[in-house]
Protein chains: 2
Amino acid sequence: MKDLSAMLALLALLPSLVWAQQYPDCQHGPLANNSVCNTGLSPRERAQGLINAMTVGEKLNLTHNNSPGVARLGLPSYNWWGEALHGVAAAPGVNFSDSGEWSYATSFPQPITMTAAFDNGLLYAIGDVIATEARAYNNANRSGLDYWTPDINPFRDPRWGRGQETPGEDTYVVKQYIDNYVTGLQGGHNPATYKVIATCKHFVAYNMEGWQGNNRYGYDAIVSTQDLAEYYMQPSQQCARDTKVASIMYSYNAINGIPACANPYNIDSILRGHWNWTADGNYITSDCTAIQNMFTDHHAFDSRQQTVGAALNAGVDVDCGFYNPTYLSSALSLGLIEESTLDQSLLRLYSGLVRAGYFDPPNTPWRHLTWKNVSTPKAEDLALKVAEEGIVLLKNNGVLPVTISEDKNLTVLLVGGWINATTQLQGNYAGPARTLVSPWMALQNVSNLETIVVQWYESPLIRAIDTQPDLILWIDSTNEAAAEGEDRNTIRWDNLQIDAVEMLATSGIPLIAVHMGEQVDDSAFLSNPNVSAVVWAGYPGMLGGQALVNVLTGKVAPAARLPLTQYPTDYVDLVPMTDMSFRPNSTTGNPGRTYKWYDNATVEFGYGLHYTNFSTAITSPSTSSFDIQSLVSACGTYAHADQCPFRPYSNTTSSLSVQVSNTGSTGSDFVALAFVSGNYGPAPYPIKSLVAYERLFGIGPGKSQTANLNITLGGLSRHDENGNQILYPGSYSILVDVPTQSTWNFTLTGTQYMMDEWPQA
Amino acid sequence: MKDLSAMLALLALLPSLVWAQQYPDCQHGPLANNSVCNTGLSPRERAQGLINAMTVGEKLNLTHNNSPGVARLGLPSYNWWGEALHGVAAAPGVNFSDSGEWSYATSFPQPITMTAAFDNGLLYAIGDVIATEARAYNNANRSGLDYWTPDINPFRDPRWGRGQETPGEDTYVVKQYIDNYVTGLQGGHNPATYKVIATCKHFVAYNMEGWQGNNRYGYDAIVSTQDLAEYYMQPSQQCARDTKVASIMYSYNAINGIPACANPYNIDSILRGHWNWTADGNYITSDCTAIQNMFTDHHAFDSRQQTVGAALNAGVDVDCGFYNPTYLSSALSLGLIEESTLDQSLLRLYSGLVRAGYFDPPNTPWRHLTWKNVSTPKAEDLALKVAEEGIVLLKNNGVLPVTISEDKNLTVLLVGGWINATTQLQGNYAGPARTLVSPWMALQNVSNLETIVVQWYESPLIRAIDTQPDLILWIDSTNEAAAEGEDRNTIRWDNLQIDAVEMLATSGIPLIAVHMGEQVDDSAFLSNPNVSAVVWAGYPGMLGGQALVNVLTGKVAPAARLPLTQYPTDYVDLVPMTDMSFRPNSTTGNPGRTYKWYDNATVEFGYGLHYTNFSTAITSPSTSSFDIQSLVSACGTYAHADQCPFRPYSNTTSSLSVQVSNTGSTGSDFVALAFVSGNYGPAPYPIKSLVAYERLFGIGPGKSQTANLNITLGGLSRHDENGNQILYPGSYSILVDVPTQSTWNFTLTGTQYMMDEWPQA
């Protein structure tokens with residue numbers, strides 16, 4: 001929702017909008033004798049009992065996010081729309097106080113900065129903390145149990161206005177993010193009781209907001225089967241098939257001519273069919289207004305009744321909007337839907353709520369959580385740690401970490417639009433935070449350091465340089481805002497920003513450029529020998545300024561890696577946003593998308609420097625030739641062959657070992673990245689593909705640690721033009737680190753193996 | 001400045017940024033014996049005395065907006081950058097308190113709504129009030145005497161992000177706005193002492209922010225000589241040649257390859273040459289960073305020193321930016337500028353300040369004004385009146401004015417994003433206001449009326465309709481923001497907005513759609529018989545909600561006219577913003593720009609309905625044939641032939657008389673508009689051109705008033721391909737009202753007369 005904040009600012013005078021997310025009274029209320037309150041039954045049986053008690057009119061009322069409940073039955077009103085992208089956040093279904101208790105929650109960095117840490121444990125911990133705080137809000141009747149997070153659409157074009165919400169461009173990283181974060185949110189893998197109900201959004205191929213007159217509400221994403229299977233669908237497969245997310249949101253766009261919310265191929269063939277996402281409680285919501293958009297923007301149906309009917313019949317259970325409550329009743333009268341379809345939809349919705357303990361007694365899990373469990377010191381420490389782990393060092397001529405003597409104050413000239421950034425550090429879909437620490441605020445607590453702060457386009461800048469500060473710290477973001485509903489036209493710094501940095505750097509005073517916010521081309525800073533260091537921080541959250549200062553002063557050593565490609569400025573001139581394809585195409589001029597297909601990046605995906613040096617060595621397996629059929633037959637317990645580990649050692653329980661040695665003098669974490677490369681499977685061949693990573697912690701100077709890189713057979717596979725996932729015989733290389741430090745070559749022999757046969761449209 | 005608000009939020013710690021706009025001490029300070037303090041000398045002599053006392057280093061320090069002054073001489077620091085587009089506004093040179101005294105000023109509607117009133121007296125009165133309040137702020141050392149207002153670039157493309165700042169698309173209206181508003185600001189026509197120094201901006205052909213990757217900082221406007229002379233230059237001609245504005249701002253863009261800030265043709269040949277804008281104190285400022293942009297974005301010079309030198313040599317006296325203080329000194333050393341050029345520049349700057357009384361004793365004009373003179377009840381009444389006069393009625397099936405019975409409360413369902421708009425009513429370049437009255441707030445004070453307010457995308461809307469309110473009032477603006485630095489891609493309502501209005505209107509309850517903010521295509525509302533009325537209000541200022549309610553309830557009868565064309569949605573697909581031309585062009589597909597050249601508008605320029613009916617009758621002159629040479633020879637006292645009135649009656653002192661009769665039953669103002677049309681001069685011929693207007697006040701039912709429409713010879717002229725303004729023989733028609741109600745045809749005979757020979761580049 002682009003105008004969510006404006007909408008929330010409007011007072012709502014009708015009774016149904018009074019906040020009331022309280023639990024139904026299963027002890028004394030009208031439902032007490034309904035089987036929905038019988039904890040001895042299955043979620044499905046319990047939900048069925050509830051639905052059996054409803055009239056058809058009552059059922060029709062419950063088909064949208066702002067559910068009025070059924071007063072007669074003692075079923076409270078319930079807003080399915082919660083947000084928690086990186087902390088419990090503002091949403092129609094979340095009620096913050098203006099001050100005091102319940103006026104904030106822990107506000108973590110945006111996913112784009114989270115995933116730069118390449119630390120799976122961290123992602124799980126974030127999800128767990130958010131779910132704890134969400135449960136506390138729920139116990140206070142301030143939120144529901146449903147949160148429409150995470151945003152799993154990979155960041156396929158640098159102009160996209162919502163890229164900050166995502167874990168970056170790489171499907172492997174996206175899948176790791178989903179598996180850890182969603183599992184943290186839901187309270188474990190496929191738990192008996194959901195801690196909260198997570199919602200993977202947006203299914204599918206959604207990543208264009210508003211670009212040169214194209215509008216997400218009516219956009220038709222034309223996607224090849226190959227791109228769909230190998231890229232766009234991969235995150236949803238992780239959510240639905242593997243991580244067992246409770247809920248999925250359908251997107252605004254059409255896919256190859258058919259709007260997402262009425263797309264039987266994607267819903268029946270893929271999601272519920274091929275991936276078997278059919279557990280009780282697996283409900284689908286539309287994105288907000290997306291059902292309406294099928295009529296107003298896609299013009300996919302002749303009437304509004306046909307529109308709501310198509311969505312319900314396709315399996316969309318919640319209309320975030322007013323179309324269902326307005327038109328579903330007449331759709332039923334017209335015979336466009338069956339009551340049994342409505343029942344099936346409500347069964348999914350209420351099975352989910354049952355499984356979240358909504359109809360359970362107050363002594364069930366998480367019901368003890370209170371305000372004391374929100375934004376705790378431990379949670380805020382985690383928010384700081386995530387930011388520290390997520391800050392990427394892109395250039396350093398030795399000025400970093402900044403040395404501060406106790407003898408003489410270090411004078412730092414602070415310049416740029418984000419030097420005192422607070423809410424900007426949070427990015428979008430944020431909730432209020434207890435505190436927001438800007439870089440300048442954090443610097444003021446550093447001993448033996450004083451700051452000079454100057455306005456941007458004014459002469460005091462010159463006079464400030466004339467005072468000869470010891471260091472210039474420039475902190476800014478692109479002026480071209482990316483936002484929901486609005487993509488960018490450029491991916492460059494303003495010429496004025498570059499000019500000012502050049503002017504400052506020419507002074508001879510060491511200058512550190514800190515790149516916040518959206519991705520833009522840093523080449524002017526990277527290539528300028530007078531710019532001493534370049535640091536990328538994205539959206540580092542409530543304590544982002546503190547994290548930045550901790551990294552700059554060496555309290556924390558940076559070890560993050562860029563989870564996306566930093567493209568050169570002219571990249572956006574070469575390929576329109578609306579070209580959804582990835583492979584370079586000499587006819588269209590598309591130079592390729594993502595590090596897998598584009599080889600002219602300003603900063604490569606996975607790049608990141610340290611305050612020390614590391615060397616890597618792959619522990620050589622005794623053999624470098626593997627028979628495909630043997631690999632597959634050893635998979636045994638894995639439900640899907642692509643999840644089966646590739647174990648190259650004769651000891652078949654080990655994943656690939658990489659010894660990482662700190663050859664410098666500063667202790668540091670290190671992210672071991674493994675890519676696969678080779679000319680196997682269908683041409684053209686990707687440059688390389690990430691297949692495993694592990695973050696190693698606190699490797700002391702002169703010390704080594706071993707990364708165990710769990711490469712799966714899926715990581716070695718390719719998708720053919722029909723979307724089939726196949727393990728091909730051929731020559732493979734494993735490349736460790738960016739740029740590559742170590743390589744191991746091997747071959748797969750035998751005949752190709754069909755790992756996943758893709759359902760054809 | 002796009003990021004002005006962010007910039008202002010940064011604290012500035014250097015001493016020079018402490019607020020200090022105080023007057024120099026001419027009694028006891030070091031300047032007491034300098035001739036600048038001698039009120040018996042001319043402004044030029046006084047300024048020369050000041051400059052004579054300066055070292056060259058001191059002079060170099062004074063060449064930018066945030067002037068440090070010369071402490072040695074007792075010349076205070078001074079920030080030339082004030083803003084007052086529609087009230088004293090936030091700017092680096094204006095210092096509001098956080099609360100209490102000096103925390104606000106009268107905030108009028110935006111110019112686009114002001115000019116919809118077609119009331120010249122009102123424009124003068126607004127300028128006068130703003131100058132009074134500006135003087136009060138200045139007396140409190142809270143602002144300077146320079147205000148960078150008005151924005152005179154005509155609104156040539158509906159996507160332009162700054163159109164709201166302008167008086168619309170028509171050069172005649174723009175010129176009337178300038179003449180009245182600037183004269184009000186400056187304290188009279190070419191006054192001995194300026195009340196404030198007004199600055200016409202931006203010279204020239206500036207009206208593209210950021211559109212599909214084009215950026216105003218480096219944009220090269222390719223403009224034909226004909227379009228330049230007849231359209232883009234007309235407002236500046238009014239400012240410089242006729243209204244005698246004190247100051248002019250140069251724009252970011254280049255014109256035909258040469259950046260505005262170093263364009264000798266525009267500056268020397270046109271502005272200072274052809275228009276003789278050479279009075280003492282006629283200074284030029286760059287737009288903020290525009291000098292820097294000549295280097296960074298236009299790449300017009302090889303070095304920064306050449307850049308600042310070119311600007312100074314071209315006649316730009318103030319750099320709003322840091323380039324002059326940084327690089328002008330070395331430019332001087334390199335011989336790129338002469339000290340005498342610097343002296344000439346400072347002479348203009350300080351002559352202007354002298355003429356504003358800056359070096360005068362405290363008993364001089366306007367120095368008595370205090371906080372008591374700010375946002376007075378009278379000033380706020382004017383703000384209300386401007387909004388009331390500027391609201392345009394586009395459609396009415398009789399529902400308006402709303403009838404409220406004393407017997408039974410009228411229930412109004414309020415829907416839409418702007419129902420509780422407050423700061424949105426102000427638009428950009430606004431200052432804080434004492435109060436901001438939203439439509440909803442104003443409705444709550446209407447007796448016998450109750451409101452139901454609902455959220456936008458939620459089911460309560462449906463339930464609210466089910467309660468059968470008497471009236472639905474939908475108030476919204478397009479969701480696609482226009483902003484400085486950001487043009488729009490579309491000129492349509494969201495399909496969701498149209499759909500919601502259609503849904504509401506289908507209920508059979510009368511629905512009034514109020515179109516606020518940017519111009520978008522209302523055709524869906526105008527053509528929908530279920531939409532009872534459509535009202536346009538633009539940005540109606542601090543009391544805009546009250547003004548709207550006063551119009552809706554009939555307390556005030558609407559009489560405004562749209563000062564711009566409302567284009568159909570697909571218009572923007574037909575012509576890129578970067579096509580600067582006006583005439584339809586079958587090769588490029590340009591369908592024509594403005595009502596003069598485009599004939600397929602959704603709502604025509606000048607359209608507006610009333611609560612009554614009016615008929616018009618032109619008082620027929622005794623002759624319908626006029627000899628060009630006789631007309632010209634009768635001009636006598638006019639400095640420029642285009643200003644000479646066309647007097648069609650034998651009584652040669654009268655302008656064209658139009659009798660306006662109110663044939664309905666409601667008293668109302670009426671705006672008499674006169675256009676000229678005909679196939680004379682160079683082909684192609686404009687459809688028509690506005691040549692005169694007059695707003696008549698309070699015409700009672702059954703009553704008549706006479707409009708005296710002062711058509712000039714300039715209004716009858718055309719511009720040829722070389723930009724020459726020529727009076728041509730031919731057949732002319734005067735068309736009164738929109739749509740045309742009365743016509744008078746006449747001919748001009750004799751040979752064509754060269755009214756203004758345009759200097760060729």
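This is a predicted model: local features need pLDDT of at least 70, side-chain atom pairs count only at pLDDT 80 or more; totals for chains, interfaces and linings use all residues.
In what follows, a residue is called buried under 20% relative accessible area, exposed over 50% and partly exposed in between, with a 1.4 Å probe and protein chains only. By that definition, Cys200(A) and Cys239(A) are buried.

Residues are numbered from 1 along each chain as its sequence is written, chains are lettered from A and ligands numbered from 1 in the order in which they are written, and side-chain values use heavy atoms, with hydrogens and water left out.

I turn to the disulfides, meaning pairs of cysteine sulfur atoms within 2.5 Å. Over all chains, the structure holds eight. In one of them, the sulfur atoms of Cys200(A) and Cys239(A) lie 2.1 Å apart; the link is left-handed, with -85° about the S-S bond. It connects distant parts of the chain, 39 residues apart: Cys200(A) belongs to strand 4 (residues 197–203) of chain A and Cys239(A) to helix 8 (residues 234–243) of chain A. Helices (H or I, at least four residues) and strands (E, at least two) are DSSP runs, numbered from the N terminus.

Another disulfide joins Cys635(A) to Cys644(A), S to S 2.0 Å. Its torsion about the S-S bond is about -95°, so this disulfide is left-handed. Cys635(A) is buried at a relative accessible area of 8%, and Cys644(A) is buried at 2%.

Which cysteine sulfur is closest to that of Cys261(B)? It is that of Cys288(B), 10 Å away and too far for a bond. Cys261(B) counts as buried, at 1% relative accessibility.
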